[in-house]
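Welcome, and thanks for taking a look with me. Below are some numbered notes to read with the model open beside you.

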Amino acid sequence: MPTATSWTDVLPGRLRLYIGDSASPQTYTDATLQSYLTLAAAAVITEVRLINVNFTIDTLNNVITPDPVLDSQVDQGIANLFIFKAGAIIAISEMRKDVSKYGIKIKDDV
């Protein structure tokens, strides 16, 4: 039986698959994905009210307490919301990087 691991081991791998970053070379490090996940978790817990669970999110140190993977009181669905929100944040970030290549330029010749 596999041993339980924390969210810092499990969720970055799931997020990597969700955003299509599983082939080598990988674009994002696990530490970067953990940062996106803590930002996403902070955003999700402000929008979703959970019964019997109060999350503490430290975006500076990439800490989510209680652990959404290990804590039996936490519904596993919330971890999926963290992943989806992190994927959305990454997608927006990627679009902003490419805006100069694919943007529209309008000139008024008056």
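1. Let us begin with a term for the interior. A nonpolar core is a set of buried Ala, Val, Leu, Ile, Met, Phe, Trp, Tyr and Cys residues joined through side-chain atoms within 4.5 Å. Buried means under 20% relative accessible area, exposed means over 50%, and partly exposed covers what is in between, using a 1.4 Å probe and protein chains only. In the largest nonpolar core there are 23 residues, and L11, L15, L37, F55, I64 and F82 touch the most other members. Helices α1, α2 and α3 each supply at least two residues of this core. As background, nonpolar side chains in soluble globular proteins tend to be buried together.

2. A word on the source. This is a predicted model, in which local features need pLDDT of at least 70, side-chain atom pairs count only at pLDDT 80 or more, and totals for chains, interfaces and linings use all residues.

3. How confident is the predictor? Its confidence in each residue is the pLDDT, which runs from 0 to 100. The chain averages 86, and 88% of the residues score at least 70. Among the elements, helix α4 (residues 99-102) has the lowest mean pLDDT, 65, whereas α2 has the highest, 95.

4. Now the overall layout. Helices (H or I, at least four residues) and strands (E, at least two) are DSSP runs, numbered from the N terminus. The chain has four helices and two strands, and along the sequence they follow the pattern α-α-β-β-α-α. Of its 110 residues, 30% count as buried. Contact means heavy atoms within 4.5 Å. Among contacts between residues at least 6 apart in sequence, 57% join residues at least 24 apart.

5. Helix α3 deserves a slow look. It has 22 residues and spans 32 Å from its first C-alpha to its last, close to the expected 32 Å; the expected span is 1.5 Å times one less than the number of residues. Which residues of α3 are buried? They are I78, A79, F82, I83, A86, G87 and I90. An α-helix has 3.6 residues a turn, so residues three or four places apart point the same way. The cover over the buried residues of α3 includes α1, α2 and β2. Not counting residues up to four places away in sequence, L15 touches L33, L37, I83, A86, G87 and I90.

6. Next, the aromatic rings. Rings of Phe, Tyr and Trp (its six-membered ring) pair if their centres lie within 6.5 Å; planes under 30 degrees apart count as stacked, over 60 as edge-to-face and the rest as tilted. The count comes to three aromatic pairs. One of them, Y28 with Y36, is edge-to-face, at 6.1 Å centre to centre with 90° between the planes. Y28 is buried at 12% relative accessibility, and Y36 is buried at 17%. The rings of F55 and F82 are also edge-to-face, because their planes are at 75°, with centres 5.7 Å apart. F55 lies in the loop between α2 and β1 and F82 in helix α3, so this pair ties together parts 27 residues apart in sequence. Both F55 and F82 are buried.

7. Two polar residues are worth a visit. A polar contact is a pair of N or O atoms within 3.5 Å; within protein, one must be able to donate a hydrogen and the other to accept it, and residues adjacent in sequence count only if both atoms are side-chain atoms. R16, in helix α1, is buried at 7% relative accessible area. Its side chain makes a polar contact of 2.7 Å with the side chain of D30. N62 sits in the loop between β1 (56-58) and β2 and is buried at 16%. The side chain of N62 makes polar contacts with those of S35, at 3.2 Å, and T38, at 3.1 Å. Please also check the backbone of N62, a residue other than glycine with a positive phi near 55°.

8. Finally, the cis peptide bonds. One joins S24 and P25, with omega about -5°; P25 is in the loop between α1 (7-19) and α2 (30-47). Another joins T65 and P66, with omega about -5°, and P66 lies in the loop between β2 (63-65) and α3 (76-97).

Notes
Residues numbered from 1 in each chain as written. Heavy atoms only, no water. pLDDT = per-residue confidence, 0-100.
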